[in-house]
Amino acid sequence: MGRLFTQLNFLHGADYNPDQWLGQPDILEKDIAMMKEAKCNVMSVGIFSWSKLEPAEGEYQFGWLDSVLDTLYANGIYIFLATPSGARPAWVSEKYPEVLRTNSDLTKNLHGERHNHCVSSPEYLRLTGKINTQLAKRYAHHPAVLAWHISNEYGGDCHCEICQQAFRDWLKKKYQTLENLNQRWWSAFWSHEYSSWSQIHSPGPLGEQSVHGLNIDWRRFMSEQVALFCRHEIEAVKPFNPALPATTNFHGAFSDYDYWRLAQEVDFISWDSYPEWHKPQKQQETAGYTAFTFDLMRSLKPGLPFLLMESTPGTTNWQAVSKLKRPGMHLLSAMQAVAHGSDSVQYFQWRKSRGSVEKLHGAVVDHVGHLNTRVGQDVKQVGAALEKLAPAAGADYRAEVAMVYDWDNRWAVNDAAGPRNCGIKFEETVQQHYQALWQQSIPVDIVSQQSDLSPYRVIVAPMLYMVNEAFAERVSQFVAAGGVFIATYWTGIVNPDDLCFTTGFPGPLRDVLGIWSEEIDGLYEGETNQIAITSSTWSRTGRAYECRELCDLIHAETADVLGVYQQDFYAGRPAATRNLYGKGQAYYLAARTGSDFLQDFYQMIAHEYGITASTTMQLPEGVVATARYREGQAYIFVQNYSDQAVTLDLSEESRELTPLLKGDVLRDHRYPLPGFGVEVFMAGNK
Ligand code: GLA
Ligand code: ZN
């Protein structure tokens with residue numbers, strides 16, 4: 001992939017708020033000494049500093065920031081310089097109340113909090129443009145500045161009159177005529193047709209929520225509006241130094257905006273990860289979910305590393321329970337980010353604020369003011385580890401399997417009233433499939449329906465309820481050319497207008513999958529059926545697996561039946577199929593199963609199609625491996641998410657291994673990993 005910044009290998013640092021400590025000038029000096037001690041080389045500065053930068057309109061105070069940037073740079077510490085639009089000074093809201101966000105119930109916010117501006121407000125655009133320009137004029141060529149940190153975690157939507165008008169304009173552009181809009185929104189239903197553009201209003205609890213086309217268009221529009229806002233912020237800073245890259249920090253699998261769209265506006269992806277480690281019985285799930293999110297973030301900009309822009313060195317103060325990271329967990333979670341393609345480990349936050357809502361949120365420097373703390377030691381350990389890994393910075397990630405995850409589908413499947421309103425469990429299904437692969441150390445990229453499928457051999461599309469016809473066509477070509485496609489229940493129900501297909505489900509995927517889904521049965525909690533494997537192509541012939549919640553009643557048209565239902569009136573009907581199509585194969589899993597089925601299924605897939613895992617070692621339960629590749633070397637990150645110590649059998653890995661973190665010469669093929677332990681093995685490339 002290549003490194004993002006020529007100045008640095010791995011980045012290690014935090015959000016830094018010296019603007020909260022201007023009254024105590026000794027703090028900066030102390031902080032810098034500790035940053036060096038922790039081997040930190042980059043800080044994000046200015047994220048929420050607007051009131052200190054522009055205390056009154058047009059009156060700028062840059063002296064403090066000059067001195068922070070100069071002093072950090074003189075000490076070898078680089079900067080992500082933030083634009084401050086994430087929170088605004090009170091004077092902005094008082095003078096220009098249109099910047100205040102209006103909620104979906106049409107209440108208008110008072111001043112306060114953050115992340116709550118109107119993205120369409122001309123005044124907010126003007127004011128953010130001005131402060132961004134001032135920052136860029138002054139600092140775009142400062143040698144400390146590595147990149148622009150645009151705003152902070154854009155989120156939410158605004159329903160004010162300015163946004164309503166912008167929405168109508170967006171719709172006019174998309175549909176041209178009301179007749180077309182009424183048709184494609186199917187608004188004749190309940191007489192919801194529009195006879196003038198002015199009648200259209202954003203969806204909300206006081207008005208329209210039943211027109212699915214309107215609901216999904218509003219989300220698409222808001223994604224576009226935020227992308228344009230982000231573009232506007234970047235356009236204000238870029239001209240001063242076009243070589244300086246820009247990012248905005250994402251929040252993982254956040255549902256508010258289509259991140260495939262927002263990703264187009266930035267030069268590289270960065271994001272903020274806050275897993276709930278050590279939740280009883282959930283540790284593996286948490287690790288798997290975090291791995292998925294890292295893969296999603298990396299995949300948003302194929303071919304580039306991403307940055308872990310925030311993570312907590314200790315606990316958060318907003319999760320239900322602020323559980324301390326157990327010994328080892330901090331290094332393990334940092335290495336997980338790097339394993340999946342991050343070239344940084346950054347924290348929120350460097351130093352705890354003394355007051356306000358985040359005063360008890362984890363930080364590198366606690367209120368006691370030094371690093372002789374457990375967290376301080378943990379952070380130092382990560383700093384040292386990143387130095388040892390330096391040759392792996394910018395290393396590639398390689399996946400033969402891609403999983404389809406797209407916001408349109410996610411919004412649509414969750415919006416529909418249908419077979420299981422007590423829980424359609426789209427996100428859970430994606431996780432089940434992803435984690436079955438992750439547990440087998442099989443690398444996965446995430447793709448949208450617009451992505452290039454050619455780098456992959458297997459495409460997995462869990463619950464692809466909304467299918468784009470062009471994507472279905474590309475899938476058919478992909479399979480015909482020898483690819484493997486895996487689809488599940490509740491696929492191919494609607495087109496991108498959220499209108500049901502009328503050619504039999506799964507719509508445009510019917511041919512390639514070789515099945516017709518006639519009906520789907522919703523099961524109550526606790527109700528189950530079974531799938532028995534009948535096909536001899538699957539080594540588990542005869543084995544039965546429990547299924548639950550959603551059972552698709554399908555007809556195998558050209559597909560072979562791999563397994564059948566065992567109970568109820570549909571006993572004996574196909575529950576899993578495989579269709580030979582051209583040179584490839586397309587699987588349909590008709591019911592939601594437990595992970596036992598998916599583990600076996602993906603093992604069969606990996607075996608049958610020779611999919612490469614990140615290591616050939618048989619890893620103990622709870623242990624996974626993820627690899628990156630650079631200059632003829634593989635870097636295999638072996639991660640133990642269980643609290644039990646394990647012993648790895650290195651003789652099962654065909655390549656010669658050097659443990660980089662421990663820095664030892666291997667004496668023995670038995671390698672001990674403690675509970676929550678991690679090792680990175682450098683290996684001669686295959
Ligand atoms: C988010 C924000 C940070 C901080 C952290 C706390 O990620 O970007 O400013 O509030 O959460 O976990
Ligand atoms: Zn608005």
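Q: Are cysteine 158 and cysteine 163 buried or exposed?
A: In this predicted model, both cysteine 158 and cysteine 163 are buried.

Q: And which protein donors does the zinc ion (ligand 2) have?
A: Its protein donors are the SG atoms of Cys118, Cys158, Cys160 and Cys163. They lie 2.2 to 2.3 Å from the zinc ion (ligand 2).

Q: What is the geometry of that site?
A: The site is tetrahedral, with angles of 103 to 115° among the four donor atoms of the zinc ion (ligand 2). For reference, the ideal angle for four tetrahedral donors at a metal is 109.5 degrees.

Q: How are the donor residues spaced in sequence?
A: The spacing for the zinc ion (ligand 2) is C-x39-C-x1-C-x2-C.

Q: Changing topic: where is glutamine 319?
A: Glutamine 319 is in the loop between strand S8 (307–310) and helix H11 (329–339).

Q: Which residues does it touch?
A: Leaving aside residues up to four places away in sequence, glutamine 319 touches Tyr274, Pro275 and Glu276. A polar atom of the glutamine 319 side chain lies 3.0 Å from the backbone oxygen of tyrosine 274.

Q: What about helix H11, which strands does it lie across?
A: Helix H11 lies across S21, S22 and strand S26 (678–684). Relative to S22, H11 runs at about 140°.

Q: What is the strand order in the open sheet of four strands?
A: The order is S21-S22-S26-S24, and the pairing is antiparallel. Strand S21 (623–630) and strand S24 (657–659) are the edge strands, each pairing on one side only. On average, neighbouring strands of this sheet are turned by 25° against each other, direction ignored.

Q: How many bridges join S21 to S22?
A: Eight bridges join S21 to strand S22 (residues 633–640), and the two run antiparallel. Within this pairing, alanine 627 has isoleucine 636 in S22 as its bridge partner.

Q: One more region: which residue stands opposite isoleucine 533?
A: Glycine 563 in S17 stands opposite isoleucine 533. Strand S15 (residues 528–533) and strand S17 (residues 560–565) pair in the antiparallel sense over three bridges.

Q: What does glycine 563 stand opposite in S18?
A: In S18, glycine 563 stands opposite alanine 576. S17 pairs with strand S18 (residues 574–581) over four bridges, in the antiparallel sense.

Definitions and conventions:
Residues numbered from 1 in each chain as written. Chains lettered and ligands numbered in written order. Predicted model: local features only at pLDDT ≥ 70, side-chain atom pairs only at ≥ 80, totals over all residues. Heavy atoms only, no water. Polar contact = N/O pair within 3.5 Å; in protein donor to acceptor, adjacent residues only side chain to side chain. Contact = heavy atoms within 4.5 Å. Pairing = 2+ DSSP bridges. Axes fitted to C-alpha atoms, helices over the stretch in contact; angles between N-to-C directions. Donors = N, O, S within 2.8 Å, 3.2 Å for Na, K, Ca; no water. Tetrahedral: all angles 85-135°; square planar, octahedral: opposite > 155°, others 65-115°. Buried < 20%, exposed > 50% of the residue type's maximum accessible area, 1.4 Å probe, protein only.
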